[in-house]
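Work through the exercises below with the model open. Try each task before reading its solution.

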Amino acid sequence: MKIFTFNVNSVNARLPVILDWFREAEPDVCALQELKCIDEKFPYEAFESLGYNVAVHGQKTYNGVALLSKYPLSEVTKGLAGEDEDDHARYIEALVEAPVPVRVASVYLPNGNPVGTEKYAYKQRWYKRLQDRAKALLALEELTVLSGDFNTIPAAEDCYRESVWLDDALYQPEIRAAYRTLKNLGYTDAFDAMPCADNRYTYWDYQAGAWQKNEGIRIDHHLLSPQAADRLRGVEIHKHVRGSQHESAKPSDHVPIGVDLHTEN
DNA sequence: ATGGTAGACCTTCTA
């Protein structure tokens, strides 16, 4: 079973590119982030006509996450507990009812820039809430995959030039520590387990020719519960999607990342 | 030392 995560930077602006990639990659499950639309404006029909079940947690203009699955989705949960005033749509979770069921979450961590502001404090609080949820999920002892844009560069080798990122919220020591704490609960970063030989970046800025210079960063991740990690067969970064030349839509600044889990009993 | 891009949407914010 192939489970992908893809920060699309507007699902409607990107729709032709996303649909082309869906036909090519045929993900069993895909977690989307940065829909940038309310539920009513999500292009349900386009994905349903490709055979996907859809669960959406949208928001006007910003954020927005979704899960698409060839298998039925149940136990859909929208949002993270722990901060009642939080109205950002950054988390959706569901049970994928495959022969071997998998619980999948689409995660969109706050960016947190600039450091030292309320946005940064919000990112830190959000990490704590995600850790609490991740801990509760482990207790279920299921195949669980937390997939998404974590807005976290885990280590120096995950960016093209460390000096550029030293003052950025994506690379602060306490943010990287929060990501490690999350893993240390008992999750495996799929890429750490099976790194791709030719590329580790998942995002290239639109600005300053970052893509042309291959100045990327690794911020989109899959965290696997032990039961899921035991079934990890492969990891794919679909880097070519960043350079797609579609007649009617530009590429996202992120690319799809997939894990392949063997789900034979 | 600065500006460089993209999307939503109304003017500026987020990334």
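**Exercise 1.** Which of the 15 residues around DNA strand B come nearest?

Solution. The model is predicted: local features need pLDDT of at least 70, side-chain atom pairs count only at pLDDT 80 or more, and totals for chains, interfaces and linings use all residues. Residues are numbered from 1 along each chain as its sequence is written, while chains are lettered from A and ligands numbered from 1 in the order in which they are written. Take a residue as near when its C-beta atom, placed from the backbone, lies within 6 Å of the strand. Ser10, Ala13, Lys36, Asn111 and Tyr206 come nearest to DNA strand B. Next, sort by class: 5 nonpolar, 6 polar and 4 charged residues. Nonpolar covers Ala, Val, Leu, Ile, Met, Phe, Trp, Tyr, Cys and Pro; charged covers Asp, Glu, Lys and Arg; the others, Gly among them, are polar.

**Exercise 2.** Determine whether Cys159 is buried or exposed.

Solution. Locate Cys159 in the loop between strand 8 (143-149) and helix 4 (162-165). Helices (H or I, at least four residues) and strands (E, at least two) are DSSP runs, numbered from the N terminus. Count C-beta atoms, placed from the backbone: 20 or more others within 10 Å means buried, 12 or fewer exposed, in between partly exposed. Cys159 has 23, so Cys159 is buried. Its C-alpha atom is 7.6 Å from that of Glu215, 56 residues apart along the chain.

**Exercise 3.** In what order do the 6 strands of the open sheet run?

Solution. The order is 3-4-2-1-14-13, with mixed pairing. Strands pair if DSSP finds at least two bridges between them. Strand 3 (53-57) and strand 13 (232-237) are the edges, each pairing on one side only. Strand 1 (residues 2-7) and strand 14 (residues 257-261) are antiparallel over 4 bridges. Ile3 stands opposite Val259 in strand 14.
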